[in-house]
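Biologist: I would like to learn how to read this model. Where should I start?

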Amino acid sequence: PDIGRFVVKLVEEYHAGRTTAAILLTHNYTDTAWFSHAASAAVMVCFTRGRIAFVHASGASASPTQGQTFFYYGADPQPFRRRFATIGHFMVPA
């Protein structure tokens, strides 16, 4: 439930103009209400090719069991697209 509350708060702050740009990283749970809410407000979405390897502060590596998605919120999506071009495929929500 925390991710759902976080997404609602991020979208609310973005629409209110209190957050002018943000990148949200989540698992690609496309069947959830929070994912739909995040995508509906995003300017651009990047679905990763494969899974991202995360590294703990201790140096241990962790691999998630599903893919990830980056959501971009802001007025200038081109830097986001350039930076994430090697990471995945892009979608512009309708």
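**From one bridge to the fold**

Modeller: Start with Thr 48, whose bridge partner in β6 is Gly 88. Strands (E, at least two residues) and helices (H or I, at least four) are DSSP runs numbered from the N terminus. This is a predicted model, in which local features need pLDDT of at least 70 and side-chain atom pairs count only at pLDDT 80 or more, while totals for chains, interfaces and linings use all residues. Residues are numbered from 1 along each chain as its sequence is written, and side-chain values use heavy atoms, with hydrogens and water left out.

Biologist: What average pLDDT does the protein chain have?

Modeller: pLDDT is the predictor's confidence in each residue, from 0 to 100. The protein chain averages 95, and 100% of its residues score at least 70. Confidence is lowest in strand β4 (residues 61-62), with a mean of 86, and highest in α1, at 98.

Biologist: In what order do the strands of the open sheet lie?

Modeller: Two strands pair if DSSP finds at least two bridges between them. Here 4 strands give an open sheet with antiparallel pairing, ordered β1-β5-β2-β6. β1 and β6 are the edges with a single partner strand each, so one side of each has no neighbour in the sheet. β2 and β6 run antiparallel and are joined by 4 bridges.

Biologist: Which strands does α1 lie across?

Modeller: Contact means heavy atoms within 4.5 Å; axes are lines fitted to C-alpha atoms, for helices over the stretch in contact, with angles from 0 to 180 degrees between N-to-C directions. α1 lies across β1 and β5, at about 160 degrees to β1. α3 lies across β1, β2, β5 and β6, at about 10 degrees to β2.

Biologist: Which residues of helix α2 are buried?

Modeller: Buried means under 20% relative accessible area, exposed over 50%, partly exposed in between (1.4 Å probe, protein chains only). In α2 (residues 33-41), the buried residues are Trp 34, Phe 35, Ala 38, Ala 39 and Ala 41. They pack against α1 (2-15), β1 (22-27), β2 (44-48) and β5 (68-73).

Biologist: How many aromatic pairs does the count come to?

Modeller: Rings of Phe, Tyr and Trp (its six-membered ring) pair if their centres lie within 6.5 Å; planes under 30 degrees apart are stacked, over 60 edge-to-face, the rest tilted. The count comes to 9 aromatic pairs. Phe 80 and Phe 90 make an edge-to-face pair, 6.0 Å centre to centre with 80 degrees between the planes. Phe 80 lies in helix α3 (residues 77-84) and Phe 90 in strand β6 (residues 88-91), so the pair ties together parts 10 residues apart in sequence. Phe 80 is buried at 4% relative accessible area, whereas Phe 90 is partly exposed at 23%.
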